[in-house]
Amino acid sequence: MQKAVIQLETLSCPSCMQKIENAVKGLNGVNHDSLKVLFNASKVKVDFDSETITINDIEKAIEDLGYPVVKSKVKSA
């Protein structure tokens, strides 16, 4: 498992959080229990199985919703 912190551009509404959460939870290889979307910090924290999904896949799912990713940090869990 890998741990990721994904910095987004400023989130403007709480419903943005829900959209991002649902999109990331729908990805195969994401640990649903670890997923946290932090509204005030505009960050997504998530654990994922790097053999099933990549950080780029997770970033793309978020960006496809219209929320630009500023940067990501990944480390081994």
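Two strands are said to pair if DSSP finds at least two bridges between them, and in this predicted model strand E2 (residues 30-38) and strand E3 (residues 43-48) run antiparallel and are joined by five bridges. Together E2 and E3 form a hairpin in which four residues lie between the two strands, and within that turn Ser-42 has a positive phi of about 55°.

Lys-71 is found in strand E4, and Lys-71 counts as partly exposed because its relative accessible area of 49% falls between the limits of 20% for buried and 50% for exposed.

Thr-52 is found elsewhere, in the loop that lies between E3 and helix H2 (55-63). The C-alpha atom of Thr-52 is separated by 18 Å from that of Lys-73, a residue 21 positions apart from Thr-52 along the chain. The table below sets out the accessibility of two residues.

| Residue | Relative accessible area | Class |
|---|---|---|
| Lys-71 | 49% | partly exposed |
| Thr-52 | 41% | partly exposed |

Conventions: Residues numbered from 1 in each chain as written. Predicted model: local features only at pLDDT ≥ 70, side-chain atom pairs only at ≥ 80, totals over all residues. Heavy atoms only, no water. Buried < 20%, exposed > 50% of the residue type's maximum accessible area, 1.4 Å probe, protein only.
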